[in-house]
Amino acid sequence: MDKKNLILAFESSCDETSVAVIENGEKILSNVVATQINSHKRFGGVVPEVASRHHIEQVTICIDEALKEANVKTTDLTAVAVTYGPGLVGALLVGVAAAKAFAYANNLPLIPVNHMAGHIYAARFVKPIEFPAIALLVSGGHTELVYMPYENEFQIIGETRDDAAGEAYDKIGRVLGITYPAGKDIDELAHKGKDSFHFPRAMMHEENFDFSFSGLKSAFINTVHHADQINGTLDRADLAASFQQSVIDVIVEKTLWACEQFSIKQLILAGGVAANHGLRDTLSEKLSEQYPDLDFVKAPLKLCGDNAAMIGAAGYVAMKHHVFADASLNAEPSLEFDWVPDAVK
């Protein structure tokens, strides 16, 4: 596959409509993203029906812009890739329907892509992925450690048992009066405070790779409500710093233990919360101290959120392994990688 392979990629799993043109899975020719954040802010989170309607309005516009920006014609394309799960079912259906229609109309093969594989393969825009590897995926809906023994093989070795990290950020953001999405603002606020509340670090020293953030969220909310009841005043920056430090400590500890238990060449950090500077900096520091020879690859900041470029990168790898779909492809909102029980090696 040394020739120029151009993939038109679609992403519509949540509240971003995105279409991209990717060359050989590693060069971005265009990456158009129509965000819906302003539409969902007033609700404090994503409203599925609203998201689906926005995708319908934006998807054909994004296709035209992506092709124009990449300066390619439909006859130049090699294949079409699309996210078919996990995500909001209505939102996914819009992207899947658009991709299937485009592929059929232009006689192009269709590549189904797992959204989480897309986040992992965003690392391809930094450098080639070497195997075996582990990916730490941290986003609004997922917090999981994924072992990849070979290219295009994914095995979950640990995941959150309740709230994902990004979900917890948004929930405590409401308590702090921070509008959705809260992650970036909490990260910035945390850097102005200190860990003075010492919130719990659930499961941090258990011999598994799972996470839990529900107890942390409850402890945070109870602390704030108690202060309100006694007319006390709490430092918002210290609250944010204490919450974030708890999240980071647990994630970093679990990830370091996974690096100890598995013989890997690379650790990949990806997902929306991978843009968190506290997490990126702490993990970089700890890895350089404990595993200086391990290659640590962070997804580019601009590609941590949902985007079609990462779907094109994952789609290229899937195409190499002859993974294709036909017109029966449907949305799978609960799509998961394979789970590996008793994953400690």
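User: Which element gives the largest share of the lining of the second largest pocket?
Analyst: In this predicted model, local features need pLDDT of at least 70 and side-chain atom pairs 80 or more, while totals for linings use all residues. The second largest pocket (an open set of 1 Å grid points with protein on both sides within 12 Å along at least five of seven lines, lined by residues with an atom within 4 Å of a point) has 17 lining residues, with Asn114, Ala117, Asn152, Phe154 and Phe337 nearest its centre. Helices H4 and H10 (308-320) and strand E5 (110-114) each supply at least two residues, where helices are DSSP runs of at least four residues and strands of at least two. The largest share, three residues, comes from E5.

User: Which element gives the largest share of the lining of the largest pocket?
Analyst: Of the 49 residues lining the largest pocket, those closest to its centre are Gly140, Tyr180, Pro181, Gly272 and Gly305. Elements giving two or more residues include strand E3 (27-35), helix H4 (115-121) and helix H5 (165-176). The largest share, six residues, comes from H5.

User: Is Ser139 buried or exposed?
Analyst: Residues are numbered from 1 along each chain, and Ser139 lies in the loop between strand E6 (133-138) and strand E7 (143-148). Beyond four places away in sequence, Ser139 touches residues (heavy atoms within 4.5 Å) including Met116, Glu167 and Val273. Because its relative accessibility is 8%, against a cut-off of under 20%, Ser139 counts as buried.

User: Which strands are the edge strands of the six-stranded sheet?
Analyst: The open, mixed sheet runs in the order E10-E9-E6-E7-E8-E11, with pairing requiring at least two DSSP bridges. Pairing on one side only marks the edge strands, E10 (295-298) and E11 (338-339).

Terms used
Side-chain values use heavy atoms; hydrogens and water are left out. Buried means under 20% relative accessible area, exposed over 50%, partly exposed in between (1.4 Å probe, protein chains only). On a 1 Å grid over the protein atoms alone, a cavity is a set of points where a 1.4 Å probe fits but cannot get out, and a pocket is an open set with protein on both sides within 12 Å along at least five of seven lines; lining residues have an atom within 4 Å of a point.
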